[in-house]
Amino acid sequence: AFDTYAKAFVASPGTSEARDKIENIAMSLENYAQLAEVYSQAVENCDDDVDKVGFYERLADIWMTKLDNDENASQCYEAILKIDEFHMKSIVALESLYAKAHANEKNVEILKRHVDVVTDLIDRKDLLYRIAELQENALHQPQEAIKTYLEVLDLDAEDALALDALE
C-alpha cells in the first residue's frame, strides 16, 4: 500500500490524499527513511513553490526528529531559502543547526540574513551582538567584529555594549 500511494504522491505532489496516506502508513510502521525518500522525489517533481517549501519543511522535520540527520535537515532549509530568501522558520532553524554543528561561518551568514529580516531594534542589536561574538571569539576576525559593533552603533549611537566592546 505504501508503494502505491508513494508513486501517486511522487507523480502528482499537489494531491494531499496520497501524501496523507503515506504519512499515516510510514508513521505506523516507523518507516521514516522511506518517507524521506518519497518526499525527496516529490519535491523534485513539484512545480509549485509553496508546495515545495512545505515539502522541504516536512522533509527537514523528518531528518531532524525521526532520522537524527541534521546535515540533511540543513540542506532542506537551505533549499527553502533558495525559493524564499527571507523564510523565517528556515533562518531560525539554520541558526540552531549551524550553532550545534559549530559551523560558525555559516552561522554568521544566516544571522546576517536574519538581521535583514527583523525590524525590531532590540532584536536586530541582539543578532548583531551574536554575530560580533562569533566573529571575535570563534572565527578570530576582530576587524569584522569591529564592523559589526559599528553597525550596532549605527542603529543606536549610545549602545553601551557596543561602545564597551570597541574600547
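Arg130 is partly exposed, with a relative accessible area of 38%. Buried means under 20% relative accessible area, exposed means over 50%, and partly exposed lies in between (1.4 Å probe, protein chains only).

The model is predicted, so local features need pLDDT of at least 70 and side-chain atom pairs count only at pLDDT 80 or more, while totals for chains, interfaces and linings use all residues. Residues are numbered from 1 along each chain as its sequence is written, and side-chain values use heavy atoms, leaving out hydrogens and water.

**Exercise 1.** Find which residue forms a salt bridge with Arg130, and state how far apart the closest N and O atoms are.

*Solution.* 
- Start with the rule: a side-chain nitrogen of Lys or Arg must lie within 4 Å of a carboxyl oxygen of Asp or Glu.
- The partner is Glu95, with the closest N and O atoms 3.4 Å apart.
- Helices here are DSSP runs of H or I, at least four residues long, numbered from the N terminus.
- Check the cover: Glu95 is buried at 6% relative accessibility.

**Exercise 2.** Determine how many salt bridges a search of the whole structure finds. Then work through two further pairs and a network.

*Solution.* 
- The search gives 9 salt bridges.
- One joins Lys100 and Asp70, whose closest N and O atoms are 2.7 Å apart.
- Lys100 belongs to helix H6 (residues 88–100) and Asp70 to helix H5 (residues 70–83), so this pair ties together parts 30 residues apart in sequence.
- Lys100 is exposed, at 57% relative accessibility.
- Lys125 pairs with Asp156, again by a salt bridge, and here the closest N and O atoms are 2.7 Å apart.
- Lys125 lies in helix H8 and Asp156 in the loop between helix H9 (142–155) and helix H10 (160–166), so parts 31 residues apart in sequence are tied together.
- Lys125 is buried, with a relative accessible area of 11%.
- Asp156 is partly exposed, at 24%.
- Finally, salt bridges link Glu23, Arg58 and Asp61 in a network.

**Exercise 3.** Count the disulfides.

*Solution.* 
- A disulfide is a pair of cysteine sulfur atoms within 2.5 Å.
- Take Cys46: the closest cysteine sulfur is in Cys76, at 14 Å, too far for a bond.
- Start from Cys76 and the closest sulfur is in Cys46, 14 Å away.
- The count is therefore 0 disulfides.
- Cys46 is buried, with a relative accessible area of 5%.
- Cys76 is also buried, at 5%.

**Exercise 4.** State which residues form a negative surface patch.

*Solution.* 
- Asp and Glu count as negative.
- Asp84, Glu85, Asp116, Glu151 and Asp154 form the patch.
- Locate one member: Asp116 is in helix H7 (residues 104–117).
- Asp116 is exposed, with a relative accessible area of 57%.

**Exercise 5.** State how far apart Glu105 and Leu139 are in sequence and in space.

*Solution.* 
- In sequence, 34 residues separate Glu105 and Leu139.
- In space, C-alpha to C-alpha, Glu105 and Leu139 are 7.4 Å apart.
- Glu105 is placed in helix H7.
- Glu105 is exposed, at 56% relative accessibility.

Key: Patch = residues over 30% accessible without salt bridge, like charges linked within 9 Å, V, L, I, M, F, W, Y side chains within 5 Å. Areas by Shrake-Rupley, 256 points an atom, 1.4 Å probe, with all protein chains shown as cover. Charge placed at Lys NZ, Arg CZ, Asp CG, Glu CD. Helix = DSSP H or I, 4+ residues; strand = E, 2+ residues; numbered from the N terminus.
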